[in-house]
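The following note reviews selected features of the model, in numbered points. Please read it alongside the sequence and the coordinates.

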Amino acid sequence: MGEIKVGTASWTHKTLLESGWYPPDANSPERRLAYYATQFPIVEVDSTYYALPAERNTVLWAQRTPAAFTFNIKAFGLLTGHPIRASTLPKDLRPDSGKPRLYPDDLPPHTYEEVWTRFLTALAPLVRAGKLGVVLFQFPPWFTARAASRQTLLDIVARCRPLRVAVEFRHASWFDGDTGQETLRFLRDHDIPYVAVDMPQGHRSSVPPVVAATSDLAVVRFHGRSDHWTSTEIDEKFAYRYSEQELADWASKLRELAAQTDETHVLLNNCCADNSQRNAAQLIELLNKP
């Protein structure tokens, strides 16, 4: 069975800092990351979805964690087709349109290319340290299963190579009927890790909890099962703590998945207070049981 690395999708969330999960002496960014790394072997960086990462930060992340620690980086929203706030772009890349929200087509082609360059360049310190796991591309609900979308995936993989790209879908069309097997076959044919999800069902962005290996590395993300999934308040949307039974049901699936891979990354994204940290610790205990 391949290695299973369990962690969370944040270590700096405001409600986490207020929850009391960190000991009193973990009172600085450096000490908090160092403490987190004593509890879990992997973390997903969520902040890079909202703004381009700064290389000075990735240098510090690499320096402040053990040699075997892993960072999964969430792709900047603009690179997955999401709208972004214009203010999150570096000043020299902001267009003169005055639009507060920008889509990729709102940028001149050379500016869009520069966004890609700066995003990938900022990850170099993690690559040099051997600490970059995957670059997570979480696509919007309007990214549906069609030929153009599959070509977009191949273009992204080519741009990022040799970095590993993992893909998460947010539209059920990828798994409607026979399309589900076509989706998984496409990912396997191109050695692209598929991101399995546990999330609320019945919404436009809902994807069923399909568990499958499409590469030698697999990723599973737990978003919680909140009744407020459509809320615009992040703390409400992700306010959910998994029960031990819910995690136990997943533990057996994760073992089966790990039997087909060299490495499986499991990230708890129910990031409200210390829910994800508590659940991640529970899941590790369950996976360690004989």
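1. Which side chain meets that of Asp198 in a salt bridge? The partner is Arg225, at 2.7 Å from N to O; a salt bridge here is a side-chain nitrogen of Lys or Arg within 4 Å of a carboxyl oxygen of Asp or Glu. The pair links distant parts of the chain, with Asp198 in strand S8 and Arg225 in the loop between S9 and helix H9 (234–237), 27 residues apart. Asp198 is buried, with a relative accessible area of 5%, whereas Arg225 is partly exposed at 30%. Buried means under 20% relative accessible area, exposed over 50%, and partly exposed in between (1.4 Å probe, protein chains only).

2. On the basis of the note: this is a predicted model, in which local features need pLDDT of at least 70 and side-chain atom pairs count only at pLDDT 80 or more, while totals for chains, interfaces and linings use all residues. Residues are numbered from 1 along each chain as its sequence is written, and side-chain values use heavy atoms, with hydrogens and water left out. Helices (H or I, at least four residues) and strands (E, at least two) are DSSP runs, numbered from the N terminus.

3. Further salt bridges. The count comes to 15 salt bridges. One of them joins the side chains of Lys74 and Asp46 at 3.6 Å, N to O. Because Lys74 lies in strand S3 and Asp46 in the loop between strand S2 (42–45) and helix H3 (47–50), this pair ties together parts that are 28 residues apart in sequence. Lys74 is buried, at 6% relative accessibility, and Asp46 is partly exposed, at 22%. Another salt bridge is formed by Asp106 and Lys99, whose side chains meet at 2.9 Å, N to O. In that pair Asp106 is partly exposed with a relative accessible area of 24%, and Lys99 is likewise partly exposed, with 41%.

4. Strand S9. This strand (residues 217–222) is mostly covered, with 6 of its 6 residues buried. Both faces are covered: Leu217, Val219 and Arg221 are buried on one side, and Ala218, Val220 and Phe222 are buried on the other.

5. Pairing of S9. Two strands are taken to pair if DSSP finds at least two bridges between them. Strand S8 (residues 195–198) pairs with S9 in the parallel sense over 4 bridges, and Val197 has Arg221 of S9 as its bridge partner. S9 is also joined by 6 bridges to strand S10 (residues 263–268), and these two run parallel. In S10, Leu268 is the bridge partner of Phe222.

6. Surroundings of Leu268. This residue of strand S10 is buried, with a relative accessible area of 0%. Not counting residues up to four places away in sequence, Leu268 touches Val6, Gly7, Thr8, Ala9, Phe222, Tyr242, Ser276, Asn279, Ala280 and Leu283, contact meaning heavy atoms within 4.5 Å. Leu268 and Thr88, by comparison, are 180 residues apart in sequence and 26 Å apart in space, C-alpha to C-alpha.

7. Helix H5. The helix (residues 109–122) has 14 residues and reaches 20 Å from its first C-alpha to its last, close to the 20 Å expected at 1.5 Å a residue; the expected span is 1.5 Å times one less than the number of residues. Thr111, Tyr112, Val115, Trp116, Phe119 and Ala122 are buried in H5. Seen down the axis, the buried residues fall within an arc of 150°, so they line one face of the helix; the arc is that of the directions from the helix axis to the C-beta atoms. Pro109 and His110 are exposed on the other side of H5. The cover over its buried residues includes helix H4 (55–63), strand S3 (70–74), helix H6 (124–128), strand S6 (132–138) and helix H7 (147–160).

8. Cysteines. A search of the whole structure finds 0 disulfides, a disulfide being a pair of cysteine sulfur atoms within 2.5 Å. For Cys271, the closest cysteine sulfur is that of Cys272, 9.1 Å away and too far for a bond. Cys271 is buried, at 8% relative accessibility, and Cys160 is buried at 2%.
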